[in-house]
Amino acid sequence: MIFIGKISRDKATQIPFDLPVNREAMFSSHKHVYKKRIEHRQRHLLNMLSFLKPFLEEGEEILLITTGCSPVTLNERFWTGLNVFQLKCSLLIFTDRRVFHVPTTKHHRYKNSIAHFYYADCVSIGIKGLTLIVRYRNGRKEKFHHIAVREEKRLKALLKSISLEGNAGPTQGRNHLCPRCTKELDEVSFFCEKCGLEFKDKARAREISILYPGGGYFYTRHPFLGIADAATEIILLGLIILSFWGSLKGVKYCWWGLLVFSFALVFEKMLTVYHSNNLINEFIPKEKEIKILSGCKPEEQGYKTEIDKEP
């Protein structure tokens, strides 16, 4: 593979956070020609990855980073509309061995949630339009929508060179990793068996969603959505009280308002529960601040990260 052009290597342009990258692959076009604009874009995305180094294996190299959207079900798209893509923003990091999937805020800030799958876990992996389609050996299929246009051709070229040979993992699919100790998490329990880190769970999300206006969004750390949802629920509750009072006073048709607004409030609560439960699947730690433990002392690594609030 021949790369044409000059790849920057001076001290002023060192790779952020000392991440192991393949410069020729990262900073070149799909025709293997170095482009300054590609290097600028990839360096910008690398600046979002201060947390990543402890998750990498020895000798593993980063080949490409792109923005995208976490897998979304048809039900999520139907009940959430276009807002679902803002809730499901993510980064996809392609290495020479696997793909890291990192759910983020809409400004691509790390939320202490990370998943991965090895190429050997895949029956096929390809890109159609702006959608990355992955078929796993366990029979599941996932689609990562809204792959950045700027990375589409480069990603297609990269995937053609990737081998799916090798030993698949135990689950033969995508798995979440503990943001503290980097080990794979059990998909059915919301805590890490190795380091004891606890994650937010669906039962608590349902309870808070039902009891408090906007509670489910606040619980999953989406404050602006929580404020909007709380305002909607409070308005509906006020209309229910007014309709009930009007019915007691004998005002004509107020009981219709009572019925309609009550139904709307119940429906709003159901949507909040549904959305918060889907967000819980991203394994959100109960702690806002996580210190990554890997090999050396945490304070020597400098990988202290804090969850950014969703704008």
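A: Helices α8 and α9 are roughly antiparallel to each other, a label for angles over 145 degrees, where those under 35 degrees count as roughly parallel, those from 65 to 115 as roughly perpendicular and the rest as oblique. The model is a predicted one, in which local features need pLDDT of at least 70 and side-chain atom pairs count only at pLDDT 80 or more, while totals for chains, interfaces and linings use all residues. Residues are numbered from 1 along each chain as its sequence is written, and side-chain values use heavy atoms, with hydrogens and water left out.

The axes of α8 (residues 223-248) and α9 (residues 254-280) come within 8 Å and cross at roughly 155 degrees; these axes are lines fitted to C-alpha atoms over the stretch in contact, and angles run from 0 to 180 degrees between N-to-C directions. Both helices are DSSP runs (H or I, at least four residues; strands are E, at least two), numbered from the N terminus. The crossing of α8 past α9 is left-handed, meaning that the near helix is turned anticlockwise from the far one by less than a right angle.

On the α8 side, the residues in contact (heavy atoms within 4.5 Å) include L236, L237, I240 and F244, and among their counterparts in α9 are W255, L258, F261 and L265. By class, this contact has eleven nonpolar, seven polar and four charged residues, with Asp, Glu, Lys and Arg counted as charged, Ala, Val, Leu, Ile, Met, Phe, Trp, Tyr, Cys and Pro as nonpolar, and the others, Gly among them, as polar.

Turning to the charged pairs, the structure holds 14 salt bridges, each a side-chain nitrogen of Lys or Arg within 4 Å of a carboxyl oxygen of Asp or Glu. One of them joins E282 to K111, with the closest N and O atoms 3.5 Å apart; E282 lies in the loop between α9 and β9 (289-291) and K111 in the loop between β3 (98-103) and β4 (114-118), 171 residues apart. E282 is buried at a relative accessible area of 6%, and K111 counts as buried at 11%, where buried means under 20%, exposed over 50% and partly exposed in between (1.4 Å probe, protein chains only).

The loop between α9 and β9 also holds K286, which forms a salt bridge with E198 at 3.6 Å between the closest N and O atoms. K286 is partly exposed at 42%, and E198 is partly exposed at 44%.
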